[in-house]
Amino acid sequence: MTVLDVDISGRRGSFTVRAQFRAEPGVTALFGRSGAGKSTILKMMAGTARPDSGRIAAGSRVLFDSEARIDLPARKRGIGFVFQEDRLFPHLTVRHNLTYGRWAGGRRARRPLEEIVALLGLEAHVDRYPDTLSGGERQRVAIGRALLSEPEILLMDEPLSSLDRERRAEILPYLEAVAAEAHIPIIYVSHETDEVARLADRVVAIDEGRVRAIGTAAEILGDAGEDGGPVAILEGRVTGHDETYGTAIVALGGGTIELSERGLPAGARLRLRIRASDVALATTPHEGLSIRNQLPCVVQAVALEGPFARVMLSFGSERIISRITAKSADALALQPGKPVTALIKAVSVEPARLRPVVGE
Amino acid sequence: MAEAEIGILLLSAKVALAATGFSLIPAFAVAWLLARRRFFGKALLQAVVTLPLVLPPVVTGYGLLVLFGSRGPLGRLLEDLFGMSFAFRWTGAALAAGVMAFPLIVRPIRLSLEAVDRGLEEAASTLGAASPVVFLTVTLPLALPGLMAGAVLGFAKALGEFGATITFVSNIPGETQTLSLAIYALLQTPEGDAAALRLIGLSVLLAVGAVLVSEWVARRLSKGGGDDRA
């Protein structure tokens, strides 16, 4: 069983991306708005773009490691890539497109061609040329071509974005079939909520080149989660300690946060996980509270989920998610643009060490 | 007379075929460099390749004489190394025709290489193909219509070449006297009009044939070779 481990940072033009996540067999969606950096992260995984630093490993196989100076070319990464456009070879029949990874790529055939052809409903098309197929059929061939190259990881870059609504509806069942029978990690980049909700086992929310939240599709997309809803992910640096009480001060994009953790060296880079259900809100700062962190935030969005409300907050350049009751949200008259104070107990902040970034 | 005409026709075909055949691979290489690579001196290469198209053919022929004549530096080198000589021989006519046809062969190949979607090559490499395999299975087949168009165009140009050929290798019947040179020679003789007319008819036939073939190739190029997805 291959597990994909990604921990990379890099630039694309003036744009900085940083991503750290694990992908187990099944569908992991990289979800975010257009221009959030999802495709750049995917290209870095594929080897068609180069991260500045970090590590990408598929099980025991290292695909990229800036410290060990490993950077496998795309063709040696054992990936299948489905592009936004189908990118079929126009001079080859569907059959020769499907088997390209075998006769030109030297990949060993494990699954019979007929099996994939049946899975994707391409029986009637194998001897036709791509320009005689519809857009949906072409994209199905592209998916089959990637699957037949025997990938250890399947990367899909918004494979439905070039299709109209009807064609999407036509392909989604096939994608579900591929996902259901796949025993490899599938990374699925999309900004479409309905696709992600249908396909993804796990969602990595990306915004401004950074991982903002990781959770199940239900948690990230808004349905009530089982264990406290979505988790916000923040990054910062340790600036000080309180040795007496065993707390650490971490500087973030929007201010500082205190957490209960000993033995973190000053200067260490941290990734902080904060559960939405651990974040309370107040419209004014309070005194006389046990809660150590009172963070000045601005409401970005409020989404009602039955008896609950999910409130997206910006804390400087960081994002925090709060899950409160709908009743509280109404009582506080929360709406986008309203300044609020997020109350977070120091013990609710879970830190994880990040590897140092080269050049910092 | 008919036998002499067949001889002229065969010589012309031999010269044009040799000129085109030996130009194709270097022309493809130059077209690839111009279409795909950025390097120091690219503008210079572009200018040198285009030169035979804009220079008076007589000047190109004289240049060939200076370089490849029996006393020319390159002519002497090739003579010493391979025993190859160009001066006043059909090989010289082929060289002149090849040099004159070169820019016409490079251009369609370059255009077709530029039209090949780089995304397809990227897709091929994610499927495991090494660069030479990507070239042979994706780039070359997609550029093939351009290669064919360049070959037809170059062949037609080589068949009709006159100025550079007569300057470089003169007008020797049976050795360097191709179709155009023979027509010119016949028109210089008082009784030659009728014979010239037959050769003229023959060359018109060849020209129309070449145009039809290149039209057909161009149509296939615009249909299959280019990538129509924006």
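How many residues does the contact take from chain A and from chain B? The legends below start there.

**View 1. Where chain A meets chain B.** The contact takes 20 residues from chain A and 18 residues from chain B; two residues are in contact if their C-beta atoms, placed from the backbone, lie within 7 Å. On the side of chain A that touches chain B, strand 7 (79-82) and helix 3 (100-103) of chain A each supply at least two residues. Helices (H or I, at least four residues) and strands (E, at least two) are DSSP runs, numbered from the N terminus. By class, that side of chain A has nine nonpolar, six polar and five charged residues. Here Ala, Val, Leu, Ile, Met, Phe, Trp, Tyr, Cys and Pro count as nonpolar, Asp, Glu, Lys and Arg as charged, and the others, Gly among them, as polar.

A word on reading these views: this is a predicted model, in which local features need pLDDT of at least 70 and side-chain atom pairs count only at pLDDT 80 or more, while totals for chains, interfaces and linings use all residues. Residues are numbered from 1 along each chain as its sequence is written, and chains are lettered from A and ligands numbered from 1 in the order in which they are written.

**View 2. The two domains of chain A.** Chain A is divided into domain 1 (4-221) and domain 2 (231-353), with bounds from an automatic or database domain assignment. Their C-alpha centres lie 34 Å apart. Seven residues from domain 1 of chain A and six residues from domain 2 of chain A make up the contact. On the domain 1 side, strand 11 (residues 210-215) of chain A gives the most, with five residues. The residues of that side divide into three nonpolar, two polar and two charged.

**View 3. Helix 1 of chain A.** Nine of the nine residues of helix 1 (residues 38-46) of chain A are buried, so this helix is largely enclosed by the rest of the structure. A residue is buried if 20 or more other C-beta atoms lie within 10 Å of its own, exposed if 12 or fewer, and partly exposed in between, with C-beta atoms placed from the backbone. After helix 1 of chain A comes A:G47, whose phi is positive, near 95 degrees.

**View 4. The largest nonpolar core.** A nonpolar core is a set of buried Ala, Val, Leu, Ile, Met, Phe, Trp, Tyr and Cys residues joined through C-beta atoms within 7 Å. Of the 158 residues in the largest one, A:A29, A:L155, A:I187, B:A96 and B:A97 touch the most other members. Helix 5 (residues 90-115) of chain B gives the most to this core, with 15 residues. Not counting residues up to four places away in sequence, A:A29 touches residues including A:Y188, A:V196 and A:L199.

**View 5. Chain B and its loop residue B:F88.** Chain B has ten helices and zero strands, and 42% of its 230 residues count as buried. B:F88 is found in the loop between helix 4 (73-82) and helix 5 of chain B. Although B:F88 is not a glycine, its phi is positive, about 55 degrees. B:F88 is partly exposed, with 17 other C-beta atoms within 10 Å.

**View 6. A loop residue in chain A.** A:E150 lies in the loop between helix 5 (135-148) and strand 8 (153-157) of chain A. Phi of A:E150 is near 55 degrees, a positive value in a residue other than glycine. With 18 other C-beta atoms within 10 Å, A:E150 is partly exposed.
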